[in-house]
Amino acid sequence: MTEATAAPPAAGPSDEPGPRLGAVVHTDGTTFTLWAPAAERVELALVADDGSQRNLDLAHTGEFWTGFVPGVGPGQRYGYRVHGPFDPAHGLRFNPSKLLLDPYARAVDGELDFANPLIYDSSDGDSAGHVPVSVVVAQSEPPPPICKPVHWGETVIYELHTKGFTKLHPDVPEHQRGTYAGLAHPSVINYLTELGVTSVELLPIHQFLTEPAIAARGLPNYWGYNTLGYFAPHAAYSSAGSRGEQVAEFKAMVAAFHAAGIEVILDVVYNHTAEGGFDGPTLSFRGIDNRAYYRLGHGGTMYDVTGTGNSVNTSHPQVRQLMMDSLRYWVEEMGVDGFRFDLAVTLVRNERHEVDLVDHPFLSEVAADPVLSTVKLISEPWDIGNFGYQVGNFGTPWSEWNGKFRDSVRDVWRNTSDGVKDLAYRLSGSSDLYGDDGRYPYASINFVTAHDGFTLRDLVSYDHKHNEANHEDNRDGTDDNRSWNCGVEGETADGEVVALRKRQMANLMSTLILSTGVPMLTMGDECGRTQGGNNNAYCQDNEISWFDWALPEQWADQLALTKKLIALRAAHPTLRQWHYFSGQPVVPGGRKDLSWIAPHGGEMTDADWHDGSLRTIGMFLAGDALRALDAEGNALTDSSFLLALNATPEVRNVVVPDASWAPGYEVVLDTSNSFVTEVEAGATVPLPPRCLVLLRAL
């Protein structure tokens with residue numbers, strides 16, 4: 001039974017062109033507003049604790065449906081029932097028997113009942129009681145901003161999973177392990193500050209669901225790349241409750257990170273939703289306006305360039321408005337400092353589903369937004385559609401995950417690269433990718449590993465993926481791992497193999513952190529975390545994925561190396577340059593800002609650059625004049641460094657550059673632990689196999 005509601009307009013602030021969407025709390029009640037332009041009728045369903053419902057008709061004004069309900073306040077659960085034609089062949093999926101989540105819900109309560117067919121389009125029953133519902137949340141104060149904003153050029157990112165990072169932490173109270181409160185625990189934050197990272201990048205924390213096909217295998221979606229609520233913190237990561245408590249707990253976590261000087265970056269998934277493909281459940285967007293929210297193909301099919309069954313339609317202005325409202329909400333009210341956009345190429349496909357990195361309105365709206373211009377924006381510059389690989393093409397103000405850095409560095413250290421030419425680009429900031437469109441070296445987010453793929457330890461321990469635990473007959477996950485097991489597949493007690501693996505891990509970590517650009521570390525790589533060769537642990541909510549807090553002590557040498565590398569980078573602007581190198585002196589009569597040194601001691605020649613067998617190279621970084629200013633406005637100066645690497649399995653006799661570069665050097669880092677401590681200009685020295693050394697000019 002429905003009843004009319006008192007319906008004053010749910011007006012937003014005076015500078016907003018339309019009503020404020022979602023549930024807006026007033027002193028005497030709550031206004032509910034839904035955008036559903038093609039609907040014939042919309043009911044607001046107020047859901048009681050016992051599951052019973054009170055359904056109220058909303059008033060229709062233009063494309064919006066709105067109503068004020070006296071006496072309703074924070075904690076009230078609700079959903080929508082949207083009436084209209086059901087004609088899937090023409091993209092119309094209205095079905096009032098489906099209780100729909102508010103796209104603007106600030107909190108979500110309840111789980112999805114995969115066993116019940118009523119969540120799908122069948123009209124033989126009501127989906128209420130089998131689907132998550134929205135929760136009314138009052139606006140509250142945002143967390144304090146970070147004490148000192150972190151410049152892009154000083155950023156070191158640590159990618160982590162909210163649950164997995166603290167689930168086994170012995171210092172975190174048991175009821176807080178795997179939650180926002182767990183991340184905010186002083187022991188956890190102290191670990192990150194001592195490591196030296198400046199920013200945490202959280203795997204998706206927007207409210208997400210497990211896909212029905214994964215649930216049918218008895219597994220969960222652990223990573224979270226299956227969003228249902230773009231304004232709601234994932235309720236399962238809250239230790240306090242799911243009736244709005246998750247919002248307060250998330251804000252407290254952000255405040256704790258900010259107090260420690262650490263930024264919070266969110267990995268966000270706007271490219272698809274948890275409703276899946278044509279035969280997926282009707283939970284929210286599909287039942288509100290399927291033709292607006294999704295890219296459709298012939299016969300109402302879902303046009304999919306994400307591999308999940310659907311792709312969000314960013315060509316529709318109201319869909320983009322939802323994204324922009326969501327992004328601004330997480331910055332202004334939840335306090336986050338940036339975003340990494342999953343499969344960002346999907347967001348810049350036009351009405352014909354073509355990639356448009358020139359005129360797509362999503363790009364222009366983000367660039368012009370006064371809120372988003374203050375935060376870090378990172379794209380994952382690919383999807384699985386035609387022309388989906390767009391590394392280097394996003395332009396300002398974007399930074400990008402640099403997949404070419406990952407591939408080049410892996411190839412060099414497994415001794416399969418075609419010379420060192422591509423590596424030189426990666427070490428020096430990837431100017432070939434980002435230097436032609438007004439961006440800076442920190443447009444390159446450098447990474448060797450990420451959540452998707454092998455961990456660093458597994459990268460040097462496995463030639464092949466071992467994903468049997470995913471129950472997909474080891475078909476899932478990439479076969480292009482560019483890994484090397486050092487002669488034995490998997491764990492081994494062979495001391496020589498273990499030592500070689502540790503050296504390879506040190507080489508990879510050193511290359512990552514000492515390269516120009518923004519380094520991104522993956523949770524646990526600094527202390528030997530393993531997934532047992534699983535390179536696609538998206539459905540492993542267990543010890544395969546969780547951080548083992550016994551590892552920092554067991555792998556103290558790798559952890560100490562990582563801390564040393566990050567500290568060196570922080571202390572020396574020569575090692576974290578904000579501008580591209582020119583290969584010319586910065587000041588008249590000075591040394592070149594960057595010189596590439598061949599094993600013969602002179603600068604690399606054309607023949608050296610085209611030598612496909614070359615795996616040994618030196619990189620001289622002049623610190624006596626940098627393209628940056630100190631606090632007083634003077635040209636910044638620093639030590640000069642020579643980085644030398646030998647990725648071959650043999651000792652290479654190399655000649656130290658002559659005295660025109662520096663009279664001599666002291667070794668500050670040596671992954672072989674066997675190199676000399678000081679060298680003189682012009683000397684011939686044996687560079688150990690598979691090692692990287694960093695020398696400071698005397």
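How many bridges join β6 and strand β7 (residues 64–70), and in which sense do they pair? The two strands pair in the antiparallel sense over 3 bridges, where pairing requires that DSSP find at least two bridges between two strands. Ala 59 stands opposite Thr 66 in β7.

The model is predicted: local features need pLDDT of at least 70, side-chain atom pairs count only at pLDDT 80 or more, and totals for chains, interfaces and linings use all residues. Residues are numbered from 1 along each chain as its sequence is written, and side-chain values use heavy atoms, without hydrogens and water.

β6 belongs to an open sheet of 4 strands in the order β2-β3-β7-β6, with antiparallel pairing. β2 (22–26) and β6 (59–61) are the edge strands; each has a single partner, so one side of each lacks a neighbour in the sheet. Strands are DSSP runs (E, at least two residues) and helices likewise (H or I, at least four), numbered from the N terminus.

| Class | Lining residues |
|---|---|
| Nonpolar | 16 residues |
| Polar | 18 residues |

Asn 536 is located in the loop between β22 (518–522) and α14 (551–554). Asn 536 counts as buried because its relative accessibility is 12%, the limit being under 20% with a 1.4 Å probe and protein chains only. Leaving aside residues up to four places away in sequence, the contacts of Asn 536 include Trp 223 and Asp 452 (heavy atoms within 4.5 Å).

Technical notes. Buried means under 20% relative accessible area, exposed over 50%, partly exposed in between (1.4 Å probe, protein chains only). Ala, Val, Leu, Ile, Met, Phe, Trp, Tyr, Cys and Pro count as nonpolar, Asp, Glu, Lys and Arg as charged, and the others, Gly among them, as polar.
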